[in-house]
Structure formats: C-alpha cells, structure tokens
2 protein chains.
Amino acid sequence: MRFAVAPDQPTGAPSQGQIIRDELLGRLQRGEIGIDDRLVDTAVAAEFGVSRMPARDALKRLVHEGYLEATTRGFMLPRVTHREILEIFDLRRLLEPRAVALVAQAIGTPQLAMLEKCLADARHATRLGNTELMFKASERFRNGWIDAIPNASLKQAIQRYMTQVQAVRMLTFRDPANHPLIVDGNAALHEALARRDAVAAADHILRFVYEGERAYLAAVKADLKHMSQTAKSA
Amino acid sequence: MRFAVAPDQPTGAPSQGQIIRDELLGRLQRGEIGIDDRLVDTAVAAEFGVSRMPARDALKRLVHEGYLEATTRGFMLPRVTHREILEIFDLRRLLEPRAVALVAQAIGTPQLAMLEKCLADARHATRLGNTELMFKASERFRNGWIDAIPNASLKQAIQRYMTQVQAVRMLTFRDPANHPLIVDGNAALHEALARRDAVAAADHILRFVYEGERAYLAAVKADLKHMSQTAKSA
DNA sequence: ATTGAAGTTTCCGTATACGATTTTTGCCAT
DNA sequence: ATGGCAAAAATCGTATACGGAAACTTCAAT
C-alpha cells in the first residue's frame, strides 16, 4: 500500500460530462434557466468548449435526475402541473421534518454560522424590499441545511424535487407580503437548529411547508392566468 | 395518419440504449450477473450488435440508477454499504406508510385481485420451499402496490431506492425462516388494502419495514464474512 | 384568411476513431 | 526467487461524422 503520491481524489479527475452536469445543475438550482429556455447539446458543448458527447451526457443525466425533460426539440425544464406541486408539498411534509431533526443533531458550528449569515442577508434584503436578493439568500439558507443532512439517501430524495420547489418559490416570492413570513420561518428553524432542538426544528419546518402551500395556493388564485400558461405554454 | 406499417410504440421506437438497459436490468434483477462479473461496454455492444455508444449509455444509466458501479475496469455490481442500507430503511419508514395509505383509498378492484394473486403465488412457493418463486412473487406484490400509488412524485421517490431494497431483500430471503413473515406481512397489508383501511395499511407497512430491518441486521450478523467483502472487495 | 402539404431546419441517436489513463504483463537486476 | 521498472493491453472518455425524425416555415389553393 503506497500512499507516496497521495491519492488526491478518490476517483481521479472528474469527467467533462460531470463538470458540465454540475455547472448546469447549479444554474438550475439557482433558477438561472427559465421555463422556456431550451438546452441543446450542441450549444452546451460549444459553451464549454467540448464536443457533443460530454454535453449530451450531462443533459441526459439531468433528465434522469428529474431536473430536465427531454423533448424532441432540446432539453427543457419539466412542466410542473398544479397537481404535481401539491404532491410535492405532501412529500415535503413527509421528508423534511425528519431531515431537519437529523440536521439539528448533527450540524456543526461553522455551518450554523453560515445559515445565520444567510438569514441576516435575507433580513437585510427584506428591509430593502429587494426581492431578488431575498430570494437568493433564502435559497442559500435552504441549500445550507439540506447540505447538512447526515442521511445521504434522504438528502438525495429531497434534492430531487428542489427545482420544482424553486419554481413554486419563485411564484410565491412575487408577493412581498410573503417575505417576512419566510424570514421568520427560517429564523425559527435556525434558532431550533442552534439549540440542537430536533423536535422544535421538525415542528418549524412542518409549519413552514404548510405556510408555503398556503402561499402557493393564494398566489395561484391571485394569478390564474399565469398558471394556465403552464398548460398552454404559449 | 398512416398505420400501414404499424407505429409500434406510441413514442416512436425506444432507443437502442433503452433496449439494452432494459435487458441488462432484467438480468441484474434475475441475479444473472455475479458480484465479480465485469460489464464492459465493448462486450455489451458486441452482444447486442451495436456500437459502443448505446451500450455505454445503458451502462451509465444503470450506474446512475444505482444498479451498477463504474470502475476503471468495467462496470460491476455496486457495493452497498451497511450505512446506506440503514439510511434507506429510515427513508422507507417515512414514505411507505403514507404511500400505502393513499393506495388504500385509491386502489381498484382489478389491482387488488392482482395483488391477491401474487400473495397466493408467494404462499404456494413458501409451502414448496422454493425461494426463487417466493422472491419473484413477493417482488411482484411490492411492485403492484407501488404502481398503485396515486401521488406520482411519492411513487417516484420510492422507486428510486427499489434496487437497494432488492439487494437487501435478496440477502434476507436466503433465510427461509423469513419467508412466512414476509407472506404474513404482505397478507396483512393486502387485507387492509382490500378493506380500504388506510390507517391499518400504514401500520402494517411500517411494521413490515421494521421487520425487514430486523431481518437484515440478523442476516448481516449471521453472515459477517460476506459483509466484510463489501469493504475489501477481494 | 385559413388550411394543408412540401421543403427546410433543427436536433437527437448512433457509428467510428483517437488519445489518455489505469491495469496487467514481462523482463531484468539484485 | 523477489522486487521494481518498463512495455503492452485494456478500457474509458471524448471528438467527429452521418442518418433520420420531428418541428418549423413557406407557399399555394380553396
């Protein structure tokens, strides 16, 4: 057993396809890819300066992970239906309380500090009325605690519906009245995590999800036209 | 609209990669691929009479689905870690009770009959002591109720870890003492579903998962040598 | 103006080829 | 005989090219 050269990464260098996939996933999770953007393998390949193969690889993988949908005309965001959104709220109520409970028991001080930073950013943005910043900070907060989930399988299950959650989030964020609710929800969660209080954390996230569903339904009601677009897409 | 040549599948023809993937998945699920078999893209491609690309496609997809593991020297069965298996039991306890509860409210008579058939098959196989048949029947039963989950997102989340469940299942099935427990658990679940009793169904599946975890831990204990192979792999 | 059909474009799936990396094999020196 | 080094083989990742299918566009006829 020779450790002479230090094994660096366990798997050596990540492949181009992997790199592209990670980058695209980041964009998807940051909401940088819109509902009617089309991702075409040749374009992606050109952007990353590689051939179609790694690009195709990344795209197909994202499809399989549920982040994209393969059409005969490129790869697009999956059209989320109203029904599906409600289904995902159901899923979230099943998974996320347990997840934050585990996080409360496992999270480290630096991660807690990071979450606190996100929270402060979100507060600041709210005071400024800057929806964009608020959105980003809240997203970082969410990604932060999801990253801290010690059960990798559970974490993965939650991350699968992240993009759909993003889409819904974007919708509800449009009403600034929701911003304080979101900040307060996150603050309550953070406080519970800081106290390592698994029960309180689970309660808070559950309430938060219900609150999110309520806000979503309100947004849909206030904006029927936009919802009908998800069906017509025109 | 010309149906002269018969359009075969509604979605056009499935790609070669898809075909290969399905066939390989069948072999994997039938246990026809051993722990130290290596699947190499060129060999697979040659067998199916195509180029490397569709074969690679199928292999990579199976990797992503968790059925295979990519090594620097071909694709092999994944070494599932003990930790991962326990994580999945945790996930199952979160998701499956709700899933069967929804099934209890939504399942139709023909599907119920199908489940009953699987149950009868499993009973028969148990009496015969035929592990193989018993395994198949139990698998059909499980796939049957999973198919009936009305919440598509939840269904998908459950299906994601099906392979790992299969692997564990394979392990616990080796002890015939577990067979009656499995049949009884399935029978109890079926009975609850037949009565459209969501609460009882959820209780039964929860108990069933706990029972499965117990059986798994017992199997590991009884078979430490095999488990240590997952680390050494030699 | 609307509709239908033919032509064009776009894009995916697959084939073949090449370079890089890792593993294996063979050989030589001690 | 054993250990190490170098050559060879195996296999993966990527590049490029071709054929076909779906969608879009154009244009003419009603």
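Helices (H or I, at least four residues) and strands (E, at least two) are DSSP runs, numbered from the N terminus. The structure is a predicted model, in which local features need pLDDT of at least 70, side-chain atom pairs count only at pLDDT 80 or more, and totals for chains, interfaces and linings use all residues. Residues are numbered from 1 along each chain as its sequence is written, while chains are lettered from A and ligands numbered from 1 in the order in which they are written.

DNA strand C is surrounded by 19 residues, and the closest are Asp41(A), Ser15(B), Gln16(B), Val50(B) and Ser51(B). Two or more residues each come from strand S2 (74-76) of chain A and from helix H1 (16-29) and helix H3 (52-64) of chain B. H3(B) gives the most, with 4 residues.

Chains A and B also touch one another. With contact meaning C-beta atoms, placed from the backbone, within 7 Å, 17 residues from chain B and 17 residues from chain A take part. On the side of chain B, H3, helix H4 (82-106) and helix H7 (152-160) each supply at least two residues. H4(B) provides the largest share of that side, 8 residues.

Within chain A, helix H8 (residues 162-173) has buried residues (20 or more other C-beta atoms, placed from the backbone, within 10 Å of their own). These are Thr163(A), Gln164(A), Val165(A), Val168(A), Arg169(A) and Thr172(A). They pack against helix H1 (16-29), helix H4 (82-106), helix H9 (178-194) and helix H10 (198-222) of chain A.

Terms used. A residue is near a molecule or strand if its C-beta atom, placed from the backbone, lies within 6 Å of it. A residue is buried if 20 or more other C-beta atoms lie within 10 Å of its own, exposed if 12 or fewer, and partly exposed in between; C-beta atoms are placed from the backbone. Two residues are in contact if their C-beta atoms, placed from the backbone, lie within 7 Å.
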